[in-house]
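These are my notebook entries on a structure that I was asked to look through. I wrote each entry as I looked the item up.

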Number of protein chains: 2
Amino acid sequence: MPFTTLDDPPLKIDVDLRVHLGDQIAIGPGKAQLLASIQRTGSIAAACREMGMSYKHAWLLVDSMNGCFKSALVEAVKGGKTGGGATLTSLGVEVLECYRHMQALAAEAIRPEVTVFKRRIQES
Amino acid sequence: MPFTTLDDPPLKIDVDLRVHLGDQIAIGPGKAQLLASIQRTGSIAAACREMGMSYKHAWLLVDSMNGCFKSALVEAVKGGKTGGGATLTSLGVEVLECYRHMQALAAEAIRPEVTVFKRRIQES
């Protein structure tokens, strides 16, 4: 699922950014969505349920992200009523906001061209 | 393979745009690459070899694109020394240029943010 979509009916334009660091993807649409889901649900397991993803796969994505940045983006939260969970670190929040900002900038930049594009498509 | 990449070592950012029309993708990175390859090689078969794609798959992509726009983007060229081939129509050339322009605009728009992003990644 894309993270940013520019809706201009009848067109819908997905803007996907993938930030590569060496042979790893530091962050892309899937990883950004996972970060957002962990932020919202407060747990990797709940994020997995929300995204229909296995825990192992989610953990590998988190581990890969944690290794690409200066410090971890996701950290465990121990104890409490819920028996612990996971949360974004302040760097995790910053990286997610920066990624979203880049996608919003990209979507905004192409908006004038979308009007030109629309003239060329098939009218239903 | 992405169609537009913003290189700012050690980061490399792929900018992928997918233009949806109803439940079809009118144009995205793969279709744009196919158009560019047909334009360069003058044949769907040669484009398939270049992209490692089956002729049937390429033809389905071309057929889908042709149906999404006001008129065809790719047309057959009959006869000649090579026994015919395929070429982009003037609308095909326009659509490919428009798509590339959108990707360039998107890449340019995120460039300032990439500098901010780089400060947060792991230094090797």
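**Entry 1: Two prolines in a loop**

I began with Pro10(A), which I found in the loop between strand E1 (4-8) and strand E2 (11-21) of chain A. I note here that the model is a predicted one. I then looked at the peptide bond between Pro9(A) and Pro10(A): it is cis, with omega about 5°. The bond that joins Pro9(B) and Pro10(B) is a cis peptide bond with omega about 0°.

**Entry 2: Chain A as a whole**

I next asked how many helices and strands chain A has. I recorded four helices and five strands. Going along the sequence, I wrote their order down as β-β-β-α-α-α-β-β-α.

For the overall dimensions, I noted that the C-alpha trace of chain A spans about 55 × 30 × 25 Å along its principal axes. The radius of gyration of chain A is 17 Å, whereas a compact globule of 124 residues would have one near 14 Å.

I also looked up how chain A is covered. Of its 124 residues, 48% count as buried. The accessible surface of chain A is about 6,100 Å², and carbon and sulfur atoms account for 53% of that surface.

Two further values concern the arrangement within chain A. Taking contacts between residues at least 6 apart in sequence, I found that 51% join residues at least 24 apart.

**Entry 3: Aromatic pairs**

How many aromatic pairs does a search of the whole structure find? I recorded two over all chains. In one of them, Phe69(A) and Phe117(B) are edge-to-face, with 5.8 Å centre to centre and 65° between the planes. I traced this pair across the two chains: Phe69(A) is in the loop between helix H3 (55-68) and strand E4 (74-77) of chain A, and Phe117(B) is in helix H4 (residues 90-118) of chain B. I found both Phe69(A) and Phe117(B) to be buried.

I then turned to Phe117(A) and Phe69(B), and asked why their pair is edge-to-face. The ring centres are 5.8 Å apart and the planes stand at 65°, and planes over 60 degrees apart count as edge-to-face. Phe117(A) belongs to helix H4 (residues 90-118) of chain A and Phe69(B) to the loop between helix H3 (55-68) and strand E4 (74-77) of chain B, so this pair joins two chains.

Are these two residues buried or exposed? Phe117(A) counts as buried because its relative accessibility is 0%. Phe69(B) is buried, and its relative accessible area is 0%.

**Entry 4: Glu113(A)**

My last entry is on Glu113(A), which lies in helix H4 of chain A. Its relative accessible area is 14%, and the cut-off for buried is under 20%. Glu113(A) is therefore buried.

Which residues is Glu113(A) in contact with, leaving aside its neighbours within four places in sequence? I listed Cys98(B), His101(B), Met102(B) and Leu105(B). I also looked up the separation of Glu113(A) from Gln39(A): the two are 74 residues apart in sequence, and their C-alpha atoms are 34 Å apart in space.

Definitions and conventions. Residues are numbered from 1 along each chain as its sequence is written. Chains are lettered from A and ligands numbered from 1 in the order in which they are written. This is a predicted model: local features need pLDDT of at least 70, side-chain atom pairs count only at pLDDT 80 or more; totals for chains, interfaces and linings use all residues. Side-chain values use heavy atoms; hydrogens and water are left out. The radius of gyration is taken over C-alpha atoms; the globule rule is 2.2 Å times the number of residues to the power 0.38. Buried means under 20% relative accessible area, exposed over 50%, partly exposed in between (1.4 Å probe, protein chains only). Contact means heavy atoms within 4.5 Å. Accessible areas come from the Shrake-Rupley method with a 1.4 Å probe; for residues, only the protein chains shown count as cover. Rings of Phe, Tyr and Trp (its six-membered ring) pair if their centres lie within 6.5 Å; planes under 30 degrees apart count as stacked, over 60 as edge-to-face and the rest as tilted.
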